[in-house]
Amino acid sequence: MITIQGQGVSSGVAAGPLSFYQRAGNLIRRYEVEDREAEFERFKDARARAIEQLGVLAEKAREEAGDEAAMLFETHRMMCVDPDYEEAIEGFIKESGLNAEAAVTDAGAVQAEAFAAMDDDVFKARAADVKDISGRIAGILMGVVQGGIDSDVPVILAADELSPSEAVQLDRSRILGFVTSGGSGSGHTAILARIMGIPAIIGVGDRLKPEYEGREVIVDGGTGSVVVDADAETRERLMKKRAELIRRQELLSQLKGQPNVSRDGREIRICCNIGRPEDVRAVLENDGGGIGLFRSEYLYLNSDDYPSEDSQFKAYRQVLSDMNGKEVVIRTLDIGADKQIEYFRLPKEENPALGSRALRICLNRPEIFRTQLRALYRASAYGRLSIMFPMVTSVWEVKEARKMCEQVRKELDAEGIPYSDEVDVGIMIETPAAAVISDRLARIVDFFSIGTNDLTRYTLACDGQNNDLGRFFNTHHPAVLRLIKLVAENAHKAGIRCSICGELGADLELTETFLSLGVDELSVSPRSVLPLRQKVRETEVAAVQEKIMAELMGDEVSL
Ligand code: PEP
Ligand code: MG
């Protein structure tokens, strides 16, 4: 038995075979081949299989989302047989004697660079496509499974850290839990695990060895332990814990339909964070009061090209109508920093977290923003939509974004397209700048939602991803809590509501603090709704408020 200690970031106990996430790009080997003709044939066979796979994907996309969605895969099929592409690969194999997987990768990179240098945006976008098909063909040549999971049964998935686009494309029905070597509690894998309601453990470093592939592991997301080949006693103990957690979850179910009111009558809304339209099911199952954060970037991450107005409209409409009149806050595109998307061709930056991301991209590239806003307003006719802008630092940014909303509404009026007149427009408070000027920002928006993941990172100048920095990344740091207090006060002075939609909202150790600060809403992963409701219902705010405020605002220097 081998026990590895990491950091649990999504609770629960699960057991299953360990499977390492497979990426073709990490595995490409290069060597010289003897039989160049045979190697070229090997490429052609793999390409034929890629074309076959793409045909299946195109059909699936056509059935689920129509011809437009299928178009991308059809384009990829055609690109596979592009004569220039084939010629480049043939050259690498026959002239340089390179093995097929390396030849495909190199030819893809050269062509992608050529596309990227073109002026025409349509051609520019082909850069990502050609890399994509090269990755697919190389993966087939190396026997790497598509989708990253090489197993027919559900697995505990091990990875370094999944990129956002890998995370959104996972087949969730095949994952029982996650273990990552790096990562942070507010990273994509952790967030995804919490939305899925399965255990996740991060920061195990290189202690999970490739030779453990396929062996049984038991993960405990509460304690952060990963046990490989557990002995009978450990297995029994962990399985008992699993049964107990399931029983507790069932008990919590009795809280469905109950209000989130403290013992002394303070009410707080508890809503959910989602990343994909399918997540609405979990929101309804857990009795979420609405959706406080729909990270719309999933649409962009899950696509090889800019998603069209229509495809976005359909996704937003689905969420709004499934939520049946409950509020849905859709956050406009938040990419950049750790969420990179190739077809956006963002400049390489020394400090991407401080660079071109989120609302900054939208304001600098209004055509992308306008498409999303049109889709959002069109969808607003089907439910209760609120729009939220991420990564705000200045008043002028919000004014400019609101002006674009106004223009879009005028366009829709002129085209006779219906939309709701009651769309609230709010902003995320996730930079120290926005928190400090929240008195001014409160006068030009309908609500605030505090993004504690980024607010903590930017306030502490530390992102918590680096295991060595654990003790510097204190999510309960008084600087962050004081900023939350300031933002809530400024919201209320201006008569607007204040929510918390970062991961801190689900931290039960802070529920009393948030109730004491008068936060109006917590938006959390669906599985956190009922434990939070229980905590709220056990709290007597008047009994703890004074002490909490004294600790927060006092000059005690032990913190
Ligand atoms: C946040 O920063 O707290 C937040 C909710 O946004 P994201 O985690 O998507 O950056
Ligand atoms: Mg954020």
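Predicted model: local features only at pLDDT ≥ 70, side-chain atom pairs only at ≥ 80, totals over all residues.
Residues are numbered from 1 along each chain as its sequence is written, chains are lettered from A and ligands numbered from 1 in the order in which they are written, and side-chain values use heavy atoms, with hydrogens and water left out.

Ligand 1 is surrounded by 13 residues. A residue counts as near the ligand if one of its heavy atoms lies within 4 Å of it. The closest are Arg 295, Arg 331, Gly 451, Asn 453 and Asp 454. A polar side-chain atom of Arg 331 lies 2.8 Å from an oxygen atom of ligand 1. For Lys 339, a polar side-chain atom is 3.2 Å from a ligand oxygen. Thr 452 takes part through its backbone, with a polar atom 3.1 Å from an oxygen atom of ligand 1. On its own, ligand 1 has 290 Å² of accessible area, and the protein covers 96% of this. Such areas come from the Shrake-Rupley method with a 1.4 Å probe; for residues, only the protein chains shown count as cover.

The space taken by ligand 1 is the largest cavity. A cavity is a set of points, on a 1 Å grid over the protein atoms alone, where a 1.4 Å probe fits but cannot get out. A molecule sits in a cavity if more than half of its atoms lie within 2 Å of its grid points. Two or more residues of the shell come from each of strand S10 (291–295) and helix H18 (452–460). Helices (H or I, at least four residues) and strands (E, at least two) are DSSP runs, numbered from the N terminus.

Helix H18 gives the largest share of the shell, three residues. H18 is also mostly covered, with eight of its nine residues buried. Buried means under 20% relative accessible area, exposed over 50%, and partly exposed in between (1.4 Å probe, protein chains only). The buried residues of H18 are Thr 452, Asn 453, Asp 454, Leu 455, Thr 456, Arg 457, Tyr 458 and Leu 460. Just after H18, Ala 461 takes a positive phi of about 50°. Most residues other than glycine have a negative phi. Beyond this point, Thr 475 lies in the loop between H18 and helix H19 (478–493). Thr 475 is partly exposed, because its relative accessibility is 31%. Thr 475 and Arg 457 are 18 residues apart in sequence and 9.0 Å apart in space, C-alpha to C-alpha.

Positive phi values also occur in other loops. Asp 229 has a phi near 50°. Asp 229 belongs to the loop between strand S8 (225–228) and helix H9 (232–252). With a relative accessible area of 33%, Asp 229 is partly exposed. Arg 345, not a glycine, has a positive phi of about 50°. The loop that holds Arg 345 runs between strand S11 (327–331) and helix H13 (359–364). Arg 345 counts as partly exposed because its relative accessibility is 39%.

Asp 129 is found in helix H6 (residues 121–142). Its relative accessibility is 0%, so Asp 129 counts as buried. The side chain of Asp 129 makes a polar contact of 2.9 Å with the side chain of His 76. Ile 156 has its place in strand S4 (residues 155–159). Ile 156 counts as buried, because its relative accessibility is 0%. The C-alpha atoms of Ile 156 and Phe 178 are separated by 5.6 Å, although the two are 22 residues apart along the chain. Asp 106, in helix H5 (residues 100–116), is buried with a relative accessible area of 19%. Asp 106 and Ser 386 are 280 residues apart in sequence and 45 Å apart in space, C-alpha to C-alpha.

Cysteines were also examined. A disulfide is a pair of cysteine sulfur atoms within 2.5 Å. By this rule the count is zero. Cys 271 is in no disulfide, and the nearest cysteine sulfur, that of Cys 272, is 7.0 Å away. Cys 271 counts as buried at 0% relative accessibility. Cys 462 is buried as well, at 8%.

How values were computed. Polar contact = N/O pair within 3.5 Å; in protein donor to acceptor, adjacent residues only side chain to side chain. 1 Å grid on protein atoms, 1.4 Å probe; cavity = no way out; pocket = protein on both sides within 12 Å on 5 of 7 lines; lining within 4 Å.
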